[in-house]
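Have the picture open while you read.

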Amino acid sequence: MTNSDKNSQGAARLIAIGALAVVAIGVVGIGVFAISSIARAPAPVDQVAGTPAPTAAQEYETVRAAIEASRVYLDQEKPGSAETVLKAAIARFPREQELYFLMGEALLQQDRGEEAYNAYDQGILIGPDHAEYRHVAGTIAAQLGLLDDAELHYRQAQQLAPSNPKYPLYLAQVVRKAGDTDEAKKQLMIATRIAPDLAQAWGSLAAIALEENKLSIALTHIARAREIEPDNLAWRVMEAQALRRNNQPREAAALLTAISEEERRENPGLLQELAACYGLLGRPADAAEAYIAAVGADDSQNPELAYQAAVWLERADDSERAVLFARLAAQQGHEGAIALVEQLDPAGG
């Protein structure tokens with residue numbers, strides 16, 4: 001197998017952490033075999049005088065046994081067992097890159113992010129380098145708040161695979177979070193030049209334009225995202241937000257009411273935006289009814305829905321029903337609703 005083939009296989013594995021091929025062999029049996037194989041692997045000549053060094057084939061089989069065992073354990077969501085196998089293997093074969101990546105997976109499954117990041121970092125340092133290895137390390141670093149490390153890895157991934165739009169897209173998110181909006185826009189434009197149909201890049205550009213209150217630019221970018229992904233509710237809500245802020249609440253409300261009532265009920269952000277549009281249009285009763293419908297269909301009893309229904313009913317001068325929904329929200333644990341009940345019904349009647 002060539003190094004290129006090995007890189008491709010390793011990269012494919014890292015694309016979806018934990019989504020590993022199931023090996024049709026007994027989990028316990030292969031794990032025990034892997035550990036015992038490592039334990040009885042022949043020691044190098046410089047460790048025990050007169051003992052022959054292991055052949056390349058013997059070393060290969062021992063490493064493969066450890067790799068396959070750890071993969072099976074990870075598939076079976078037994079990361080502790082995988083970690084045991086991998087620790088023994090790494091101690092015996094400290095220059096085997098794939099062992100460190102698998103250790104990273106095992107540690108991630110145990111919510112040990114910092115250790116997982118260090119494992120991936122060690123594997124990358126061993127080499128060979130690969131864009132997907134960098135992408136995974138960058139993603140873990142970003143989740144840990146290590147933005148400088150994440151930026152470094154994404155930039156290296158971009159250099160290794162300049163035709164892949166994913167890397168500038170992720171890099172843009174990291175530098176934007178770090179406060180460098182201009183660099184984020186630059187990277188997003190690079191991503192759109194590589195992949196003109198990358199809706200997430202256009203949507204991110206629209207979000208930045210909204211933050212900068214550049215509404216015409218925001219509407220242009222979000223229109224492109226919606227053209228690519230017309231069924232994506234996030235883009236529709238963002239367009240409605242831009243329209244409302246552009247003094248077009250009627251158009252924004254029409255855009256949102258075209259969405260099915262069921263989807264509106266299940267999307268709090270959409271409901272909030274629709275209510276804001278109704279507020280600008282002087283229709284607080286319609287905003288209240290949208291929330292009331294959501295309360296009636298809410299199996300999880302989200303107190304925020306009842307609270308917002310009460311707020312908008314009060315604005316619509318429907319104090320009697322406002323008290324009822326404020327009480328409901330208070331019973332469900334909404335702190336703001338308690339104060340609203342006292343305000344609307346100070347006598348407690």
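## The overall build

Helices (H or I, at least four residues) and strands (E, at least two) are DSSP runs, numbered from the N terminus. Counted that way, this protein has 20 helices and 0 strands. Keep in mind that you're looking at a predicted model, where local features need pLDDT of at least 70, side-chain atom pairs count only at pLDDT 80 or more, and totals for chains, interfaces and linings use all residues. Residues are numbered from 1 along each chain as its sequence is written, and side-chain values use heavy atoms, with hydrogens and water left out.

How much of the protein is buried (under 20% relative accessible area, against over 50% for exposed and in between for partly exposed, with a 1.4 Å probe and protein chains only)? Buried residues account for 45% of the 349 residues.

## Who touches whom

A contact means heavy atoms within 4.5 Å. Take the contacts between residues at least 6 apart in sequence: 53% of them join residues at least 24 apart.

You'll find leucine 313 in helix H18 (residues 303-315), and it counts as buried because its relative accessibility is 2%. Skipping residues up to four places away in sequence, leucine 313 touches Ala288, Ile292, Asp318, Arg321, Ala322 and Phe325. Leucine 313 and alanine 288 are 25 residues apart along the chain, yet their C-alpha atoms are separated by 5.5 Å.

Now try threonine 181, which sits in helix H10. With 22% relative accessibility, threonine 181 counts as partly exposed. Leaving aside neighbours within four places in sequence, threonine 181 is in contact with Ile208 and Glu212. The C-alpha atoms of threonine 181 and isoleucine 208 are separated by 7.6 Å, with the two residues 27 apart along the chain.

## Opposite charges pairing up

Side chains of opposite charge can pair when their charged atoms come close. A salt bridge here is a side-chain nitrogen of Lys or Arg within 4 Å of a carboxyl oxygen of Asp or Glu. How many salt bridges does a search of the whole structure find? It finds 23.

One of them joins aspartate 197 and arginine 224, at 3.0 Å from N to O. Aspartate 197 is in the loop between helix H10 (181-194) and helix H11 (199-211) while arginine 224 is in helix H12, so this pair ties together parts 27 residues apart in sequence. Aspartate 197 counts as exposed at 55% relative accessibility, whereas arginine 224, at 22%, counts as partly exposed.

Another salt bridge links glutamate 239 to arginine 226, with the closest N and O atoms 2.7 Å apart. Glutamate 239 belongs to helix H13 and arginine 226 to helix H12, so the pair ties together parts 13 residues apart in sequence. Are these two buried or exposed? Both glutamate 239 and arginine 226 are buried.

## Buried ends and a network

Glutamate 273 and arginine 244 also form a salt bridge, their closest N and O atoms being 2.4 Å apart. This pair links distant parts of the chain, from helix H16 (residues 268-280) to helix H13, 29 residues apart. Both partners, glutamate 273 and arginine 244, are buried. Elsewhere, look for Arg64, Glu68, Arg71 and Glu98, which are linked in a network of salt bridges.
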